[in-house]
Amino acid sequence: MSQLDAMYAHIAAHEQSFITRLMDYVRNPSISAHGVGIGETAEWLTAYLTSLGFDTAAYPTAGWPMIVGRHHHKPGKPTVLFYGHYDVQPPDPLEAWVSPPFEPTIRDGRIYGRGAGDNKGQHFAQLLALETWLAVAGELPCNVTFLLEGEEEVGSPNLAAFVTQHKALLKADLVITADGPIHEDGTPQIEYGVRGVLSFELHARGANTDLHSGNWGGVAPQPLWKLVHLLATMKNARGDITIPGIMEQVAPITARERAALDALPLDLPRLMAGVGMSELDGPPDVPFYDRISCRPTLTINGIHGGYGGPGSKTVLPHEGFVKCDMRLVGGMSVAACQAAIAAHVNAIDPSVEAIFEAGMEPSRTSLESPFAAPIHRAIVHAQGVEPYHIPSLGGSLPDYVYTQILGIPAFVVPYANADERNHAPNENIIIDCFIKGIRTGAALVKEIGEL
Ligand SMILES: [Zn+2]
């Protein structure tokens, strides 16, 4: 029997107790937004990691504590940093749950409960994989650091500062996060990046009060028209972003990314029907997954001003506001995008004020990273399926803290089912996904230890 087969046998033999222990973990509420149960859960995790032989501490932050456990007994071997979060979303609306959110229940091969998929079931699977190694082999095949955050669900406000202040503690060769769902067709996937985001507002002003559109129309400045004209210079009708200095930042798609994007399954009619779309945004000649993974966006979140009530009101409004967000991809930076947008607004209409929020940097790890192949092999070995390779998710997560602050490659290897209903009532994890997660976690550290 190979060493990994011995691990898989141990996992199979302990399946029931692993499931029961996950349910016990989910039973502890740890709602970061409400501050419920955070301290107890952090203490429980610290004790568990310590019991596995990890050098563990809970580090206070301005918010909830960061838990760091280190098991570094393999000099010369790589160090993998596993990231997860022990906080969960508020469970509301409670009446929509079939079984109560903090009374985990098994139905139809799934464990239902808040945090079952996001993220307790996923990082606990990784922890059980390490526990399995220690039980079967008495050691881990590589050095492991575990970082568990208690504020992911409230936007990780202290993560960047914590990582910046603890670079030596967190020093690793790569980071792996098990979070989010696998593909909806059930195929596992490796995610190499996330888009960043920059939100901003444009404020246009005219007179110091609303005016009669007849008495003043034709001479008084019209803030909403100003915004419409300005916005039209920022993205054209074809769908191209036309702000100078934005598209120039975008990293070119590599040959391996091209192949990975082309290999992703796409059932466009079904996808469009699912959300009632009869057409796609442009540009029409850019493939679907390129747009989500490798292209920035400029979205108008809302335009506000003037009269929108019943009937008509012949008013000439004196101010108008628009809220926009830009999603950033690999190669782009928040600072460069902010500078480009500000310069463009100033060049087109200096009377319009641009106000920026703090953005989040994008993150992209190369598909040619030396860790990509071992991660791929581990998934194939543990699950018997070839994973998809996703160059970047469309959404934004603070992966840049690893790729930019620690300077290491970052991989997301989700274990939860696509219909895990994270953030929603009836959150769940398919038990088979949880067990596959434990097996994959065991194979991951073996493959990394052999590098
Ligand atoms: Zn979440």
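## Exercise 1: Two domains

The centres of domain 1 and domain 2, taken over C-alpha atoms, are 41 Å apart in this predicted model.

**Task.** Find which parts of the chain make up each domain, and how much area domain 1 and domain 2 bury between them.

**Solution.** 
- Step 1: Trace the chain. Domain 1 covers 3–194 + 363–449, while domain 2 covers 196–250 + 296–356.
- Step 2: Look at who takes part in the contact. Domain 1 brings 5 residues and domain 2 brings 6 residues.
- Step 3: Now the area. An interface's size is often given as the accessible area lost when the parts come together. Here domain 1 and domain 2 bury about 350 Å², with 39% of it on carbon and sulfur atoms.
- Step 4: Val194, Arg364 and Ser396 provide 76% of the area that domain 1 buries against domain 2, more than any other three residues.

## Exercise 2: The faces of a helix

**Task.** Work out which residues of helix H7 are buried and which exposed residues sit on the face turned away from them.

**Solution.** 
- Step 1: List the buried residues of H7 (residues 255–262): they are Glu257, Ala260 and Leu261.
- Step 2: Look down the axis of H7. The buried residues fall within an arc of 95°, so they line one face of the helix.
- Step 3: Check the neighbours. The buried residues of H7 pack against helix H9 (288–294), strand S16 (363–364) and strand S17 (388–390).

## Exercise 3: Rings and charges

**Task.** The structure holds 11 aromatic pairs.

**Solution.** 
- Step 1: Apply the cut-offs: under 30 degrees counts as stacked, over 60 as edge-to-face and the rest as tilted.
- Step 2: Trp44 is partly exposed at 32% relative accessible area, whereas Phe124, at 0%, counts as buried.
- Step 3: Widen the view. Trp44 and Phe124 form one aromatic cluster with Tyr25 and Tyr48. The charged end of Lys120 sits over the ring of Tyr25, 5.0 Å from its centre.

Key:
Residues numbered from 1 in each chain as written. Predicted model: local features only at pLDDT ≥ 70, side-chain atom pairs only at ≥ 80, totals over all residues. Heavy atoms only, no water. Buried < 20%, exposed > 50% of the residue type's maximum accessible area, 1.4 Å probe, protein only. Helix = DSSP H or I, 4+ residues; strand = E, 2+ residues; numbered from the N terminus. Arc of directions from axis to C-beta. Contact = heavy atoms within 4.5 Å. Phe/Tyr/Trp six-rings, centres within 6.5 Å; stacked < 30°, edge-to-face > 60°. Lys NZ or Arg CZ within 6 Å of the ring centre and 35° of its normal. Domains from an automatic or database assignment. Buried area = accessible area lost by both parts, 1.4 Å probe.
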